[in-house]
Amino acid sequence: MAGPDTDAEPGTVYLVGSGPGDPELLTVKAKRLLEAADVVLHDKLPGPEIIEQLPEDCREDVGKRAGGERTPQSEINERLVELAREGKAVVRLKGGDSFVFGRGGEEAEYLAAHEVPFEVVPAVTAAIAAPAVAGIPVTHRDHASSVSFVTGHEDPTKPESAVDWEALAATGGTIVVLMGVGRLPDYTKALREAGMEPETPVALVERGTWPGQRVATGTLETIVDVRDAEDISPPAVTVIGDVAGTRASVVDFLQTDYGAAAAEPGAEE
């Protein structure tokens, strides 16, 4: 429960990023606020170990449920305001960073419009952390001086798509796709058609920093077959670009508690 000796103020909403999923990668502030909160509204992506550490009587699951059902964002917004007006110290817990494809910006605007005080607690986004623990830097002086973060939910064939795959193919930098396992065939094809070399290295990092993390590697031309052969499933981060190829030179010496490395190419678990 929140109290005078904690950082969690009654009537305040804390938009907290949990990082990529390993509880040891929570920020000190995030951990302190979780321990002090009256209520924690969480998604599925904070990671099972983090969610299991929350007292059952103070946590509310507002993520995806069995059968594909989701809590509408409008309901989450309203619930945050309702709890804050009851005088609760509320943590809205999201995977990664809440302002990177996490709708944290929408929630901040809604809270401000309803005159509810809030604080943002940043975290390491899985877009950087998942590749990193797999031995893949998203930038590298020899390979990539820029990185683009893209949502994989976008359909590349839509005329009104907000993602310009042709422009991304021309940048020469790293492309990191979040939530993109399902549409992998669509955007890898779009990138090839836009002129990106079929031999461009690609890596899939499944459940980065979670127990059972797996990494699968291939090229822009082969990665869909690798995904299917190794049954890579969400949540996973896709890394496209020459940096994905650097993993092969470090993997034999890469220490990780998240999964045991196996031979490349293909998947490791």
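The buried residues of helix H7 are Leu-184, Tyr-187, Thr-188, Ala-190 and Leu-191. Buried here means under 20% relative accessible area, exposed means over 50%, and partly exposed lies in between (1.4 Å probe, protein chains only). Helices (H or I, at least four residues) and strands (E, at least two) are DSSP runs, numbered from the N terminus. After H7 comes Gly-195, with a positive phi near 110°.

The model is predicted: local features need pLDDT of at least 70, side-chain atom pairs count only at pLDDT 80 or more, and totals for chains, interfaces and linings use all residues. Residues are numbered from 1 along each chain as its sequence is written, and side-chain values use heavy atoms, with hydrogens and water left out.

The chain has 269 residues, and 50% of them count as buried. Its secondary structure comes to 9 helices and 11 strands. Contact means heavy atoms within 4.5 Å. Of the contacts in the chain with a separation of 6 or more, 70% are between residues 24 or more positions apart. The chain exposes about 13,100 Å², and carbon and sulfur atoms supply 50% of this area. Accessible areas come from the Shrake-Rupley method with a 1.4 Å probe; for residues, only the protein chains shown count as cover.

The interior was examined next. A nonpolar core is a set of buried Ala, Val, Leu, Ile, Met, Phe, Trp, Tyr and Cys residues joined through side-chain atoms within 4.5 Å. The largest such core has 23 residues. Those with the most contacts inside this core are Trp-165, Ile-175, Leu-191, Met-196, Ile-223 and Ile-240. At least two residues of this core come from each of helix H6 (165-171), strand S7 (174-178), helix H7 (184-193), strand S8 (201-206), helix H8 (223-230) and strand S10 (236-240). H7 gives the most, with 4 residues. Which residues does Met-196 contact, leaving aside its neighbours within four places in sequence? They are Leu-168, Ala-169, Ile-175, Leu-191, Leu-220 and Ile-240.

Thr-219 is in strand S9 (residues 214-219). Is Thr-219 buried or exposed? Thr-219 is buried, with a relative accessible area of 14%. Leaving aside its neighbours within four places in sequence, Thr-219 is in contact with Pro-198, Glu-199, Thr-200, Pro-201 and Val-202.

On the surface, Phe-101, Val-124, Ile-128, Phe-149 and Met-179 form a nonpolar patch. Together they have about 400 Å² of accessible area. Patches are made of residues with over 30% relative accessible area and no salt bridge; like charges are joined within 9 Å, and nonpolar side chains (Val, Leu, Ile, Met, Phe, Trp, Tyr) within 5 Å. Met-179 lies in the loop between S7 and H7. Met-179 is partly exposed, at 32% relative accessible area.

Charged pairs were then listed. Side chains of opposite charge can pair when their charged atoms come close. A salt bridge is a side-chain nitrogen of Lys or Arg within 4 Å of a carboxyl oxygen of Asp or Glu. By this rule there are 14 salt bridges. Glu-35 and Lys-31 form one of them (2.5 Å, N to O). These two residues are 4 apart in helix H1 (residues 28-36), so about one helical turn separates them. Glu-35 is exposed at 53% relative accessibility, and Lys-31 is partly exposed at 43%.

Asp-61 and Lys-44 also meet in a salt bridge (2.6 Å, N to O). Asp-61 lies in strand S3 (residues 59-61) and Lys-44 in the loop between strand S2 (39-42) and helix H2 (48-52), so the pair ties together parts that are 17 residues apart in sequence. Both are partly exposed: Asp-61 has a relative accessible area of 24%, and Lys-44 has 41%.

A further salt bridge joins Arg-227 and Asp-228 (2.8 Å, N to O). Arg-227 is buried at 13% relative accessibility, whereas Asp-228 is partly exposed at 46%. Salt bridges that share partners link Asp-43, Arg-92, Lys-94 and Glu-107 into one network.
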